[in-house]
Structures are given as C-alpha cells and as structure tokens.
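Thanks for making time this morning. I would like to walk through one model with you, element by element, and I will give the cut-offs as we go.

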Amino acid sequence: AERACLPLFRAEALNRVARSAEAATELGQIRPGTHSGYPGFYLRVELARATSALLAGDPAAGGLARDAGIWADRQGAVGIGRVARLLEALADSPRRASDAIVALWSVEPGIVFASAEAILSRLGSLDEAAGAVILDAARSRPSRWLAGLRRSTAAGEAPGRRAAGQVLDVVGEHSDVPLLRSLSRELKGQYRAPTLGRDLARRTADRVWVEDQGRVMIRIGDRSLAGAETRRKPLALLCYLLSRPGLSATRDQVLDSLWPDNDPDQAVNSLHQTMYFLRRIIEPGYSDDLSPGYVRQDSEVLWLDPELISSRSVRCKEMFRMLGADPPIDEVLRLAREYRGRFALDFAYEDWASAHRESLHAQYLEVMERAIASSTAGGRFADSMELARAVLETDPSLDQIEASLVKMYRLLGAHAAAAEQYRHYATALREDLGIEAPPLDGL
C-alpha cells in the first residue's frame with residue numbers, strides 16, 4: 001500500500017525542484033479509489049496537480065487550485081486550503097498573488113516557505129511589498145530558497161530572472177557570483193542590473209590578513225603564504241599600500257617609492273606587471289568581472305579595500321587613535337599583545353618601509369613608556385612590570401625599560417628576579433654599548 005503512494009511522493013519531490021512535466025507524469029499513474037485508506041491522500045494529489053500545472057504555465061492551474069481549496073474546506077484541512085488559495089491567486093493575477101503572499105506572511109509564514117517554487121515562478125510580476133516578503137523569507141531560511149532562486153536566475157523571462165537575481169545577490173553563496181555576473185551582462189533595457197553579483201562577491205570573499213610586523217606573512221581565508229615565497233615587488237606594493245593613510249596612494253607616489261631609479265615608462269610598465277601578480281597572489285584565478293576588488297586602481301590612485309584587507313600594523317594604528325591621554329591599563333595591555341615588532345623586516349633597507357617602521361615603533365614606545373611611568377607613579381608596580389616585559393619582548397634593546405624592570409622587581413621584594421634581570425641588563429650594556437651598568441643597589 002505504501003508503495004502505491006510513491007507516485008505522489010515522487011511528484012511532490014519533483015515539484016520542489018520545478019520539474020513539473022515529470023511530476024505530472026507521476027500523478028497520471030494514480031487511479032481514483034485505490035488509496036481510500038489514507039485520509040487526505042487525494043487532496044494532496046489535487047494540490048500537487050495544481051502546483052505542477054502552475055509551474056508549467058498551464059491555464060488550468062487556477063481551476064485545479066480552486067477545486068483543491070474546496071476539497072480542503074470540506075475535509076477541514078485549513079493549511080492545505082491556504083496553500084491551494086495561494087496557488088489560485090498566483091494563477092489568477094499579480095495583484096491577488098502579491099496580496100495573498102503579504103497576508104500569509106503575517107498569519108502563517110510556513111505556507112510561504114512550503115510554496116517557494118510556485119511563488120518563484122511568478123516572482124517577476126509581484127509588487128514591492130510581496131518582493132520584500134520573499135527577501136525576508138529567503139534571509140531567514142536561505143536553504144529553502146537557494147535552489148529555486150538559482151533556477152529562476154538561470155532561465156526564464158527577464159523580469160523574473162532579474163527579481164530572482166536580486167534576492168540571490170542578498171542570500172547567495174560565493175559560488176553564485178558567476179551566475180549573477182553572467183545575468184548582469186545578459187539583461188538589457190529596463191531590466192539592466194549591471195552591479196548584480198558585485199555585493200555578493202565582496203560579502204562572501206575570503207578576507208586577507210597580513211602579518212606585517214617582523215617577517216611578512218599573508219593569510220587569505222584558510223590559505224597562508226610566507227612573504228619569502230612570493231614575488232618581491234608585489235609583496236612590496238601590498239606592504240607599501242598598507243603603510244599609507246587610507247591604504248591608498250597616488251600612482252606617482254608608488255612609482256617614486258618602489259621604482260625610484262627607473263625611467264617613467266619603465267616604472268609604469270613595472271607597476272602594471274606588479275599589479276597583475278599581486279592580484280593573482282590573492283586570487284590565483286583572478287577575473288576582473290568576478291573579483292571582489294581587493295586591489296584597485298584608476299588612472300591616478302591605487303588602493304586596497306579596507307573591508308577585505310587589513311594587517312597587524314593597520315590594527316595597531318587604529319588602536320593608537322583610540323587611546324586617550326591616560327588610557328586604561330587594560331587597553332594598553334591589549335595594544336602590547338597586538339604589537340609584535342617592527343614593520344615589514346623583509347624590506348628592512350627600503351626607505352619607504354624604514355620611515356613607516358620607525359614612526360610606528362616610536363608611537364608604540366611612547367604609549368608604553370607613558371603607561372609604565374603612570375603605573376609606577378601610582379604604585380601599581382605589577383602593571384608596570386607587565387608593561388615593561390611586553391615592551392622588552394618586542395624590543396630587547398631598550399636598556400632604560402630593562403633598568404626600570406629591575407627596579408620594580410626590587411621594590412616588590414623579588415630579589416632573585418631582580419638579580420637575574422640585572423645580569424642580563426649589565427651584559428647587554430657591556431656587549432652592545434661597551435659600558436658598565438651602574439651597581440644593582442644604585443638602580
């Protein structure tokens with residue numbers, strides 16, 4: 001008996017993937033009176049027939065849906081009755097369909113989800129209010145709508161494809177970008193949508209994180225790439241732009257900094273090649289039409305998209321801006337944990353990198369030294385010691401900070417720690433500067 005129900009189950013499943021002709025074939029195998037032991041069976045059959053007719057554009061769909069609604073009322077099947085009346089409205093007119101969708105969304109949204117394929121078959125004719133409902137429904141349960149949206153975007157009339165593409169642009173996945181960009185090129189006239197897929201490409205793109213303190217490392221999504229494994233000039237261009245305000249620079253600034261000794265034509269050609277390789281380091285399969293736009297260029301300006309690319313130095317600079325004149329110790333410690341050392345040691349001898357490196361390091365030391373002095377003056381020696389240790393981890397050459405650390409160990413009664421730190425301090429002064437440290441008791 002259960003096997004005899006399979007044509008209905010198959011037809012319902014086929015309707016869910018908009019294969020209406022195959023669904024109708026399955027329903028044609030069902031003979032009246034052979035499934036009387038299953039309450040509601042024939043009502044579901046009539047609903048499936050109405051659905052497949054609507055999906056196929058059959059003019060009989062409205063009548064079939066109306067008959068299913070009458071049958072549902074007789075059996076007290078309220079939910080199926082509402083589905084049937086939605087199908088009838090969809091078959092009748094865009095106005096009735098739009099009103100029905102809006103009304104159902106506020107009363108029984110599950111019916112909107114259950115009727116996704118039927119609704120999508122009329123999406124291009126729905127009004128703005130109904131379109132907003134479909135967008136809300138797709139946002140709340142994208143898995144229910146994605147397959148249908150993709151089918152509606154890929155084929156059909158321009159109004160429906162455009163409407164489906166606009167929803168897919170909001171709820172889709174990165175793999176949907178090529179479909180949307182292809183549609184954007186196909187749509188013409190009043191249905192033009194040249195930006196379709198652009199927002200989705202940026203929203204779903206892998207974020208790029210550049211470890212640009214110490215040796216450079218690039219993380220692109222779950223892919224990591226050591227700076228030493230990349231071409232030097234693309235890496236230099238990436239780090240240079242990260243060092244600039246707004247992650248941007250004029251073309252002349254880039255040429256003067258990265259190719260100072262080249263003649264202008266040669267420098268411009270090198271820049272074009274460098275841009276080519278940098279884009280493909282980030283996106284090995286780079287296509288201008290599909291790219292979210294990590295690295296951009298117009299005739300005069302080059303820039304990185306700050307929503308897609310950031311770095312440790314950029315984050316530290318943002319933290320510097322947020323710190324006030326007397327920042328809380330927790331904020332300073334957070335900065336200390338974030339700061340890992342001097343900027344881009346891969347370019348230790350490049351003038352553009354040296355200037356940024358020293359400026360950033362000086363800002364860091366100024367904040368830390370001020371916080372250490374403030375904590376020490378306030379008797380918060382434990383905080384001062386933690387700050388001093390953090391500074392020495394990034395710059396062991398700061399003998400005055402190390403001397404302060406020795407002094408704080410002594411003030412707290414940690415004499416063994418003070419002696420050990422003093423030995424390191426005295427050795428560093430002797431070997432690095434050729435001078436003797438003052439006696440431990442004199443610190």
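This is a predicted model: local features need pLDDT of at least 70, side-chain atom pairs count only at pLDDT 80 or more; totals for chains, interfaces and linings use all residues.

Glutamine 297 stands opposite leucine 302 in β6, and the strands that carry them, β5 (residues 295-297) and β6, are joined by three bridges and run antiparallel. Residues are numbered from 1 along each chain as its sequence is written, and side-chain values use heavy atoms, with hydrogens and water left out.

Helices (H or I, at least four residues) and strands (E, at least two) are DSSP runs, numbered from the N terminus, and two strands are called paired if DSSP finds at least two bridges between them. On those terms β5 and β6 form a hairpin with three residues between them. Strand β6 (residues 301-304) also pairs with β4 (residues 248-250), again through three bridges and in the antiparallel sense, and here serine 248 stands opposite tryptophan 303. As for its two faces, Leu302 and Leu304 make up the covered one of β6, and Val301 and Trp303 the uncovered one.

Is leucine 247 buried or exposed? Its relative accessibility is 7%, so leucine 247 counts as buried, where buried means under 20% relative accessible area, exposed over 50% and partly exposed in between, with a 1.4 Å probe and protein chains only. Alanine 18 also has a positive phi, of about 60 degrees, although it is not a glycine; alanine 18 lies in the loop between α1 and α2, and because its relative accessibility is 37%, it counts as partly exposed.

Let me turn to the open sheet. Its four strands come in the order β3-β2-β1-β7, with mixed pairing. The edges are taken by β3 (223-226) and β7 (309-311), each of which has a single partner strand, so one side of each is left without a neighbour in the sheet. Neighbouring strands are turned by 20 degrees against each other on average, direction ignored; throughout, axes are lines fitted to C-alpha atoms, for helices over the stretch in contact, and angles run from 0 to 180 degrees between N-to-C directions. Strand β2 (residues 217-220) pairs with β3 in the antiparallel sense over four bridges, with isoleucine 218 opposite leucine 225.

Helix α14 (residues 232-243) touches β1 (208-211), β2 and β7, its direction making about 80 degrees with that of β7. Helix α17 (residues 312-322) touches β1 and β7, and its direction makes about 75 degrees with that of β7.

Next, the helix pairs. Helix α15 (residues 251-258) and helix α16 (residues 264-282) pack at an angle of about 100 degrees, with their axes 10 Å apart. The two are therefore roughly perpendicular, given that angles under 35 degrees count as roughly parallel, over 145 as roughly antiparallel, 65 to 115 as roughly perpendicular and the rest as oblique. In this contact Arg251, Val254 and Leu255 of α15 meet Ala267, Val268 and Leu271 of α16. Helix α1 (residues 6-16) and helix α2 (residues 20-27), by contrast, pack at about 170 degrees with their axes 8 Å apart, which makes α1 roughly antiparallel to α2.

Finally, the interior. A nonpolar core is a set of buried Ala, Val, Leu, Ile, Met, Phe, Trp, Tyr and Cys residues joined through side-chain atoms within 4.5 Å. The largest one has 43 residues, and those with the most contacts inside it are Leu87, Leu90, Ile101, Ile119, Ile134, Trp145 and Leu149. Its largest share, six residues, comes from helix α5 (residues 78-92). Leaving aside neighbours within four places in sequence, leucine 149 is in contact with Leu120, Ala138, Ala164, Val167, Leu168 and Val171. A second, separate core of 40 residues includes Leu278, Ile282, Val314 and Trp352.

Terms used: Contact means heavy atoms within 4.5 Å.
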